[in-house]
Amino acid sequence: MYRQVSVWALLLTVVLRQTAGDIPVDEAEHEQLLTVVPCIRRLCEKYFRSERAMKGSLAIINIKPDASIFQQHILRSFNEDPRHEMGVMVKDASRPHLNASHVTEKAKNYLMLIADSSALAAPIRQLRRLPTWNPLAQVVVVFTAELTPLVFEIEVRNVLQELFDHSVLNVNVMVQRYNTSVLEVWTWFPYESGSCADNIERLRLVDECEYAFQERDPKRNVRAAWVYRERHYFSDYGPKIPKYYHYCPLKVSTSIWEPFVVGNASHIEKGLEVLMLDVITARMRLVPVFSVIDGSLTTARITADNQTGLYADVLQRRTDLMIGGLHENPISRKLLSATIPYFQDDLTWCVPTARHAPKWLNVFIIFNVWTWLIAIGIIFAAAGLLFRFNYVEGLYRVNYTWMLLQSLAFSLSVYAHYWPRRVSIRLFLIGYMFYGLHWNAAYHSFLISVLTRPRYESQIATVQQAIEAGFGFAGAENTLGHFDKPDGVSRHIAAHYAVCRNLDECLGRLRRERSVAIAMSRAHSSNSRAIGEAELYCFSKAENIYTYSVSMLAKKDFHLLPKINELIRRISESGLLGKWQKESEKIRIDHDEDEGAGGDEGGSSGGDGEKSGEGQTILRLDHIEGAFLLGAAGLLLALAAFVGEVLYYRAKRRYRWRDNLADRYLL
């Protein structure tokens, strides 16, 4: 009868081969080996017992049809336990495990039966593929053969090292003492006596158990029975993974990536993630030790290369954690473990900010085109009426050009030398002068605001606008994979994409190049020291290339990861992340202010206008250059007309041309 419970564990058996080094085939030796089975079950109950008995463990025992008598006895001892505190399930480790994706709860306990340390690799590989894999679970490894004193320590140390390489530290190894029925339990304590879980230094005997027959002794009133003889040492050493770590180093690899990490290759100043690690390590009594990653690695294509790739330091266990605004990707999910996310960032396009609009248009942009056309049409129409009025009255020599100038003067509320005699004409001129008064007041009131406020060209704000404007695209090599899509926009970007080895240098190009878009982290773009925040414009979130959650990347199944996650969760709930982000951004502000102060000392001035001491805007020539250009154009036109009149007059006298209609306007 098999009993399954909610908190379950895996029990995996590597079946013995009937060769030299396996369980002896002699029946007497078999019997001696079987005497430790009760102790195995008794000690497993001790290590696997949970706070509530019915949630102790579910043992999945892998037994082949040709299983040894020793393995069968272990299976029977668990299955026939009258208390049923541990469920048992039988499977075959030599076959692929069925899909277990529906199981979400992590295993609490593992029991592995092996003949020697070389048989441990295969079951570990199988367990790691299961969604229930939990390197923090309690692991018991049982040697199914007696070990001679010569090979005992080597085999135990090999087992502990193999599991340590897979970040499994809660390990107890059961070995039958040679030529006895005593079962010994050996282990190691990663943080014993100042150690820092970096290598296996000392093996410790933590438990002894012997299931022996006790003879009847009438003098002491003891009846004959099978009894356990035990000795425990576990309390002398404390837990395998303690709460505090006596200031062991926590090795961290990082790139310089504001606002997450601020500094340079020789000195880490601060930053959002640096401040977070300071709190975490102080709470756990660790010391962060930083090493800076080569910037070219952070932009290169992500690969599984454990020699020179981005994750090489962690994969080769030179460091424990990686920070620097990182996020998970399909490769990192296979190779590394990640903390819970604590920040959301965007990969977006950043372009130069729109330049100031040409100032010579200042005197024209006050009204739109249709308003100007209507106003100019009114001037010409009024000039035609005045021309007709003057023709009827016969006061002055009839000339439409002169009447056009009179109409323009009236529309600008300027005095014009024209005194008609008829009341109807005077009433028209009064109305026209009121029109000119309103037009002139509106024009000049808006002109002041236009002249004193900077104007900008249309800002490139979408990928489609950038493509239409002939922009080039640039960014990290590992970003190029986002444009491996069949749509036209992605194909265009990929065809015009330039790889940047140093993203900050690439970002600095926006200061001098007007037609380039850089694929950049939104958080970094607004905090990078390579360029001022006012010098670049990053597209809105609707135009994001990719949105991702920032987290720290750690060694696969890093044993400190659960404690780090717990502290990150507390930090996020406390609101400290927002405070640290502002502090990290302040570093950039201070840096920019220092540069700005240096620039002021040089006497440089900029902006859209000069400011007096009282804050008044003093207009420069370029603010009203449009008016000067318009005046110059009028003078040139008048000069050309004058030259034309002189030439026409001389030609008429020389060739004795008759009078014609043009003489009325030219002479």
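Visitor: Where is Asp 557 found?
Guide: Asp 557 is in the loop between β22 (553-554) and α17 (561-574). Those labels are DSSP runs numbered from the N terminus: helices are H or I runs of at least four residues, and strands are E runs of at least two. This is a predicted model, where local features need pLDDT of at least 70 and side-chain atom pairs count only at pLDDT 80 or more, while totals for chains, interfaces and linings use all residues. Residues are numbered from 1 along each chain as its sequence is written, and side-chain values use heavy atoms, with hydrogens and water left out.

Visitor: What is the phi of Asp 557 near?
Guide: Phi of Asp 557 is near 60°, a positive value in a residue other than glycine.

Visitor: And is Asp 557 buried or exposed?
Guide: Asp 557 counts as buried, at 11% relative accessibility. Buried means under 20% relative accessible area, exposed means over 50%, and partly exposed is in between, using a 1.4 Å probe and protein chains only.

Visitor: What about Tyr 247, what is its phi?
Guide: Tyr 247 has a positive phi of about 60° although it is not a glycine. Tyr 247 lies in the loop between β9 (225-232) and β10. At 54% relative accessibility, Tyr 247 counts as exposed.

Visitor: Which peptide bond is cis?
Guide: The one from Glu 258 to Pro 259, with omega near 0°. Pro 259 sits in the loop between β10 (248-254) and β11 (262-264).

Visitor: Let's zoom out. How many helices and strands does the protein chain have?
Guide: The protein chain has 20 helices and 24 strands. Of its 667 residues, 43% count as buried.

Visitor: How many residues are in the largest nonpolar core?
Guide: That core has 99 residues, and those with the most contacts inside it are Val 156, Leu 163, Met 276 and Trp 349. A nonpolar core is a set of buried Ala, Val, Leu, Ile, Met, Phe, Trp, Tyr and Cys residues joined through side-chain atoms within 4.5 Å.

Visitor: Which helix gives the most to this core?
Guide: Helix α6 (residues 272-284) does, with 7 residues. The core also draws at least three residues from each of domain 1 (27-236) and domain 2 (243-342 + 551-588). The domain bounds come from an automatic or database domain assignment.

Visitor: What does Met 276 touch?
Guide: Leaving out residues up to four places away in sequence, Met 276 touches Tyr 342, Met 552, Ile 568, Ile 571, Leu 577 and Trp 580. Contact here means heavy atoms within 4.5 Å. There is also a second, separate core of 22 residues, which includes Phe 48, Val 140, Val 142 and Val 206.

Visitor: New topic! How many aromatic pairs are there in the whole structure?
Guide: A search finds 18 aromatic pairs. Rings of Phe, Tyr and Trp (its six-membered ring) pair if their centres lie within 6.5 Å; planes under 30 degrees apart count as stacked, over 60 as edge-to-face and the rest as tilted. One of the pairs is Phe 410 with Tyr 432, which is tilted, at 6.1 Å centre to centre and 40° between the planes. Phe 410 is in helix α11 (residues 400-411) and Tyr 432 is in helix α12 (residues 423-452), 22 residues apart.

Visitor: How do Phe 428 and Tyr 432 pair, then, stacked or tilted?
Guide: Their ring centres are 5.9 Å apart and their planes are at 25°, so the pair is stacked. Both lie in helix α12, 4 residues apart, about one turn of the helix. Phe 428 is partly exposed, with a relative accessible area of 27%, whereas Tyr 432 is buried at 5%. Ring pairs link Trp 372, Phe 389, Phe 410, Phe 428, Tyr 432, Tyr 435 and Trp 439 into a cluster.

Visitor: Which ring does the charged end of Arg 42 sit over?
Guide: The ring of Tyr 228, at 4.2 Å from its centre. That counts when NZ of Lys or CZ of Arg is within 6 Å of the ring centre and within 35 degrees of the ring normal. Arg 285 lies over the face of Tyr 244, at 3.9 Å from the ring centre.

Visitor: Last one: is Asp 346 buried or exposed?
Guide: Asp 346 is buried, with a relative accessible area of 2%, and its place is in strand β16 (residues 343-352).

Visitor: Which side chain is 2.7 Å from that of Asp 346?
Guide: The side chain of Lys 541, in a polar contact. A polar contact is a pair of N or O atoms within 3.5 Å; within protein, one must be able to donate a hydrogen and the other to accept it, and residues adjacent in sequence count only if both atoms are side-chain atoms. Another polar contact, of 3.3 Å, joins the side chains of Asp 346 and Thr 547.
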